[in-house]
Amino acid sequence: MIVRRLAIAFAVLAGVGCVAAPAVAEVGAAALREVNPFMGTGVGAADFGTGGGSGATFPGASLPFGMVQFSPDTIPTTANFAGGYSYGDRQLRGFGLDHFSGAGCAMFQDVPILPTTAPVTIAPRRPGSSDLQPRYIPTFSHAHESASPGSYRVTLDPGTPRAIESALTATTRTADGRFTFPRTRHASVLFDVGGSALANYAAAVHVDAARREVSGSATSGNVCFQPTRYKLYFVARFSRPFVGHGTWVKQRLTPGGNSAADANPKASNYKPVPGGPPSLPGNPSTGAQAGAYVSFDTRRGRQVMVQVGVSFTSLAGAKRNLDAEAAGRSFAALRSAAQQVWIRQLAEAQVSGGSRRDRALFYTSLYHALLDPNTFSDVDGRYRGMDGSIHVAHGFTMLANVSGWDVYRAQTQLMAMLAPRRASDLVRSLLADAAQSGCLPRWPYANQQTNIMVGDPSDPIIADAYAFGARGFSLAGAVRAVVRGATRPCHTSNGDYTEREALRQYLRLGYVPQELNSNVTGHTLSARSNPWGTAATTLEYALADFTVSRLAAAAGDRGSSDRFLARSGNWRRILNPATGYVQPRFSSGAWLHPFDPSDANGFVEGNGAQYTWLVPQDAGGLIRALGGRAIARRRLDQFFARLNAGPTMPYAYLGNEPTLATPWLYDWAGTPARASVVARRALRGLYAPTPDGMPGNDDGGTMSAWWVLASLGLYPAIPGTDTLALSAPLFPQATLHLPAGTVHISAPGADRAIAYIRTLRVGNKPWSRTWLTFAQLRGGAWVRFGLTRDARVQWGTAPADAPPSYPPPARLR
């Protein structure tokens, strides 16, 4: 039994490097104390006028890549509607079973569970509204709240006779709560089954008092107004008998009722709340309203424990998950196991020296970077596929919820470095999605395809995983899938999704013409027949083509490798030599006129000044096309006059993904010292280990992974390759425990305000290049930086020291 429980507790860490047990206990426990799960739940630290946006994170309990994220959801949650919890709020609507960290749209937050001492004499929903009745809404205070990886605590209605101490923890597939009520005859737990963040298509619930269980399902979807739908099943088992129970449908309460259900097929007609964010909960048209309550007499025993199994396949699957991961285990044991999982995970990357603030940022960012994607298969391997059927994941864990447009720039690489088996699971999951729906996904969640964002990000995700050590998938199968999606138009009824919009025009012209530009300027829309942001989409396709070329080369497919390497040069077709900027272009060849580099027309969450730099596969070629290294340096200096200027200014926008790699362009431009300066300014100026400490949405851990890798001075600047562009580390000492060896990074003096690289040694060898490969580090290595405060350093300034570029050879152009 002990062996089985330990196997369950640590199974999520499969593929992570081995650290000696004493080091895990000491280093991991110290790291655990540094993590602040509240980081990113506030307004945000962006500097572009509106005050920015929250990181859209959540503070509740989860394991790495878990199916369950048991976390509080607050009201009115206007600052962080996507994460469910806004640090500035003081009221709670419940503890939702599942959340996604960092999305730009509200999603999940299914089946909010709420303890209360209010006698349940009226239905919890207000007439004509999806809001709770005021009597059931508790207050909370940060003075009576705490969170750490795998654990969350809060006292509801603190300082009053109604105070309820609530503690949450989780396993991979179960949510586990302990509620300590005051001594009362009116202790109840509400299950708001129709309380999901967005469209509640259907809600069903059943109370089995003899088994002390509440079970049911919630059907929701419509994320970012996409035509999508998923179904979550749950089985909740309590530690003590009920003294009463009942159900409700809308405003009709049925004391003693055992079952309730409601459906609203028009839930997809959800409209934003006037004056609120575009996907804020609370509109009465959001759909089905059904729930249940169970009551307890806590005058003699104040504690009530509940364990909730979750599944996306069936009630039987939820019960199996519950029995396998939580049944028979105390709340304290489950919480301790969750903390041990995080201790082991956080110990895989350790830093020392530097400021307490920076260490807190490092470990909080590492924590956030490893929350997603999420387990989607049950303990027996079953999962619901994108074809709606039940499949079995043989030899891997099915993962879902992939913020594709974002994660390929940093998070996938970090995941592959530290947990290559999980990265392999991700690739196998994307390939399974393609096999079941016909198309590789762009931004899949649950078993749904969506048209959220642009490009073909599955290609770089798969190539990133392979480049950084993931090998637990069929390379030949991956190449077939990416080549198929890049050469043949693919559309599926699942989510009304198209893998590469305007692919025929792209293949014919070498770019996506501006006359096809969608007139919808956001991603909160149902479906698009044309691409959003033609110039941005062209750059994304060219980059995706490059990563297809890299995968084909790794598989020995020379023909496909050459063909897609040639296509990766399509960025040149939309770089206007007359202006020196990437610009939208019509199929006639004419440029969009007039053109303003600050204009977002033809771009996605950015503008021409920002997207001009998005050519990581051929940065050297881009610099030459702009007029050479001196001109590029001047333009970069101007560009970084502001670090997070937003999408309508001609400066950097490091709170969003398209310009994340731009600081390291200085490595190609011959001034690597400037890369260190800009990276250091962003690391320390845009982030803080506080609720308001993120410059933008975390997007599935992308921004957090950026912080981790940039602080180590190793950034994966060329998607699809294992190239790590270098800058000065933030910490004097860092250690990465990789599966095949340990990487030691030494940088004495790195904790000072500014540091430039004076010398570098890799092992015992002097190193003047401004880049390394992961292949050099994978088996273990010593990387020793010699730093200085003198900005006149010459290290890495020679043209031969620049990182590689991959222009198509002349024979392929």
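Modeller: Let's start at Asp425. This is a predicted model, and in it Asp425 is buried, with a relative accessible area of 7%.

Colleague: Which residue does Asp425 meet in a salt bridge?
Modeller: Arg422. The two side chains come to 2.6 Å, N to O. Arg422 is buried too, because its relative accessible area is 7%, and the cut-off for buried is under 20%.

Colleague: Where do Arg422 and Asp425 sit in helix 8?
Modeller: They are 3 residues apart in helix 8, which covers residues 420-437, so about one helical turn separates them.

Colleague: How many salt bridges does the structure hold?
Modeller: It holds 26. One of them is between the side chains of Arg409 and Glu540, at 2.9 Å, N to O. That pair links distant parts of the chain, 131 residues apart. Arg409 is in the loop between helix 6 and helix 7, and Glu540 is in helix 12, residues 534-554.

Colleague: Are Arg409 and Glu540 buried or exposed?
Modeller: Both are buried.

Colleague: What about Arg442, what does it form a salt bridge with?
Modeller: With Glu501. Their closest N and O atoms are 3.7 Å apart. This pair also links distant parts of the chain, 59 residues apart. Arg442 lies in the loop between helix 8 and helix 9, Glu501 in the loop between strand 24 and helix 11. Arg442 and Glu501 are both buried.

Colleague: Which residues do shared partners join into one network?
Modeller: Asp456, Asp459, Arg500, Asp545 and Arg567, through salt bridges.

Colleague: Back to helix 7. How many of its residues are buried?
Modeller: 8 of its 8, over residues 411-418. Among them are Gln411, Leu414, Met417 and Leu418.

Colleague: New topic. How many disulfides does a search of the whole structure find?
Modeller: It finds 2. One joins Cys439 to Cys490, S to S 1.9 Å. Cys439 is in the loop between helix 8 and helix 9, and Cys490 is in the loop between helix 10 and strand 23, 51 residues away.

Colleague: Why does Cys439 count as buried?
Modeller: Because its relative accessibility is 0%. Cys490 is buried as well, with a relative accessible area of 13%.

Colleague: And which cysteine does Cys105 pair with?
Modeller: Cys224. Their sulfur atoms are 1.9 Å apart. Cys105 sits in the loop between strand 3 and strand 4, Cys224 in the loop between strand 11 and strand 12. They are 119 residues apart, and both are buried.

Colleague: What about handedness?
Modeller: The link of Cys105 and Cys224 is right-handed, with 105 degrees about the S-S bond. The link of Cys439 and Cys490 is left-handed, at -95 degrees. Counting bonded cysteines in sequence order, the pairing is 1-2, 3-4.

Colleague: How many bridges join strand 5 and strand 6?
Modeller: There are 5, in the antiparallel sense. Strand 5 is residues 140-148 and strand 6 is residues 151-156. Ser148 stands opposite Ser151.

Colleague: What phi does Gly150 take in that hairpin?
Modeller: A positive one, near 85 degrees. The hairpin has 2 residues between its strands.

Methods. Residues numbered from 1 in each chain as written. Predicted model: local features only at pLDDT ≥ 70, side-chain atom pairs only at ≥ 80, totals over all residues. Heavy atoms only, no water. Pairing = 2+ DSSP bridges. Helix = DSSP H or I, 4+ residues; strand = E, 2+ residues; numbered from the N terminus. Buried < 20%, exposed > 50% of the residue type's maximum accessible area, 1.4 Å probe, protein only. Salt bridge = Lys/Arg side-chain N within 4 Å of Asp/Glu carboxyl O. Disulfide = S-S within 2.5 Å.
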